[in-house]
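Try each task before reading its solution.

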Amino acid sequence: MKQQLHMPHRSTLQATPISTLLDMLGYGNIDDHVISINADSYLPIDETGIPTGIIKQVSASAFDLREPKSFKVLLGMVADGFDHNFCINGTENLNKIARVYHPKSGISMHVTSTQPGVQLYTANFLPEDDSLHGKDQATYKKHSGFCLETQNYPNAINQVNFPRAYIDVGEVYEHTTKYLFTTVKAGIFGHGG
């Protein structure tokens with residue numbers, strides 16, 4: 001089974017910053033979801049959550065998601081959770097961004113985009129108690145879901161070493177993000193396909 005969400009973005013606006021968000025919250029627990037991100041580097045953040053301007057290699061860190069890791073392992077390594085931009089490898093028109101796999105259901109999500117970055121967010125600011133309810137009275141707590149936001153590098157407007165993050169009047173803004181959902185057999189995981 002394959003299902004695809006294709007999100008083309010095209011506009012001609014006044015000069016403005018740009019970003020796209022898709023929220024992929026589940027039903028209360030992402031520990032057994034497995035994620036990989038096609039990035040050799042990421043953007044460290046300051047105490048307010050703003051990228052510092054440094055582009056840091058992911059090697060030998062909790063941010064090395066080039067090989068699949070479960071959110072349970074990752075959130076054990078980064079207790080405050082993720083709210084970081086990963087700098088995507090590749091110069092293709094549509095680059096492989098990330099893959100998330102849920103072994104119990106066999107559901108796999110492949111993300112591709114023309115954007116140079118992806119923000120991984122792990123619902124760090126949701127309440128730690130049972131006060132937030134969603135569809136079918138599901139309870140959403142801190143780290144109960146994740147987002148993969150394809151985008152330019154945050155704070156790029158203030159960092160000369162980041163990709164340009166605005167369009168001028170009369171310029172055309174065009175980017176595409178695709179989310180492909182498939183069902184795969186248990187134990188199959190990788191960035192191929």
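A residue counts as buried when its relative accessible area is under 20%, and as exposed when that area is over 50%. Keep in mind throughout that this is a predicted model.

**Exercise 1. Decide whether Val34 is buried or exposed, and find where it lies.**

Step 1. Locate the residue: Val34 belongs to strand β3.

Step 2. Take its relative accessibility, which is 18%. The limit for buried is under 20%, so Val34 counts as buried.

Step 3. Look across to Lys69. The C-alpha atoms of Val34 and Lys69 are 5.2 Å apart in space, while the two residues are 35 residues apart in sequence.

**Exercise 2. Describe the overall make-up of the protein chain.**

Step 1. Count the elements: there are 13 strands and one helix.

Step 2. The pattern reads β-β-β-β-β-β-α-β-β-β-β-β-β-β.

Step 3. Turn to burial and surface. Of the 193 residues in the chain, 42% are buried. The chain exposes about 10300 Å², with carbon and sulfur atoms supplying 53% of that area.

Step 4. Check the contacts. Among those with a separation of 6 or more, 72% are between residues 24 or more positions apart.

**Exercise 3. Work out which strands of the open five-stranded sheet stand at its edges, and why each has a side without a neighbour.**

Step 1. Write down the strand order, β5-β4-β7-β10-β11, with antiparallel pairing.

Step 2. Read off the edges. β5 (56-57) and β11 (147-151) each have a single partner strand, so one side of each is left without a neighbour in the sheet.

Step 3. Zoom in on one pairing. β4 and β7 run antiparallel and are joined by three bridges. Ser41 stands opposite Cys87 in β7.

**Exercise 4. Find which elements each supply at least two residues of the largest nonpolar core.**

Step 1. Start with the core itself. It has 26 residues, and those with the most contacts inside it are Ile35, Ile37, Phe71, Phe82, Phe86, Leu120 and Leu148.

Step 2. At least two residues each come from β3 (34-37), β4 (39-42), α1 (71-77), β7 (83-88), β8 (95-102), β9 (107-113) and β10 (117-121).

Step 3. Look for another core. Apart from the largest one lies a core of six residues, including Cys87, Tyr153, Ala156 and Ala165.

**Exercise 5. Classify the aromatic pairs Phe63 with Phe82 and Tyr121 with Phe125 as stacked or edge-to-face.**

Step 1. Note the total: the structure holds seven aromatic pairs.

Step 2. Take Phe63 and Phe82. Their centres are 5.3 Å apart with 80 degrees between the planes, and this pair is edge-to-face. Phe63 is in the loop between β5 and β6 (69-70) and Phe82 in the loop between α1 and β7, so the pair ties together parts that are 19 residues apart in sequence. Both Phe63 and Phe82 are buried.

Step 3. Take Tyr121 and Phe125. This pair is stacked, at 6.4 Å centre to centre and 15 degrees between the planes. Tyr121 is buried at 17% relative accessible area, whereas Phe125 is exposed at 68%.

Step 4. Widen the view. Tyr42, Phe63, Phe82 and Phe86 form one aromatic cluster. Elsewhere, Arg164 lies over the face of Tyr166, at 4.4 Å from the ring centre.

Terms used: Residues numbered from 1 in each chain as written. Predicted model: local features only at pLDDT ≥ 70, side-chain atom pairs only at ≥ 80, totals over all residues. Heavy atoms only, no water. Helix = DSSP H or I, 4+ residues; strand = E, 2+ residues; numbered from the N terminus. Buried < 20%, exposed > 50% of the residue type's maximum accessible area, 1.4 Å probe, protein only. Contact = heavy atoms within 4.5 Å. Areas by Shrake-Rupley, 256 points an atom, 1.4 Å probe, with all protein chains shown as cover. Core = buried A, V, L, I, M, F, W, Y, C linked by side-chain atoms within 4.5 Å. Pairing = 2+ DSSP bridges. Phe/Tyr/Trp six-rings, centres within 6.5 Å; stacked < 30°, edge-to-face > 60°. Lys NZ or Arg CZ within 6 Å of the ring centre and 35° of its normal.
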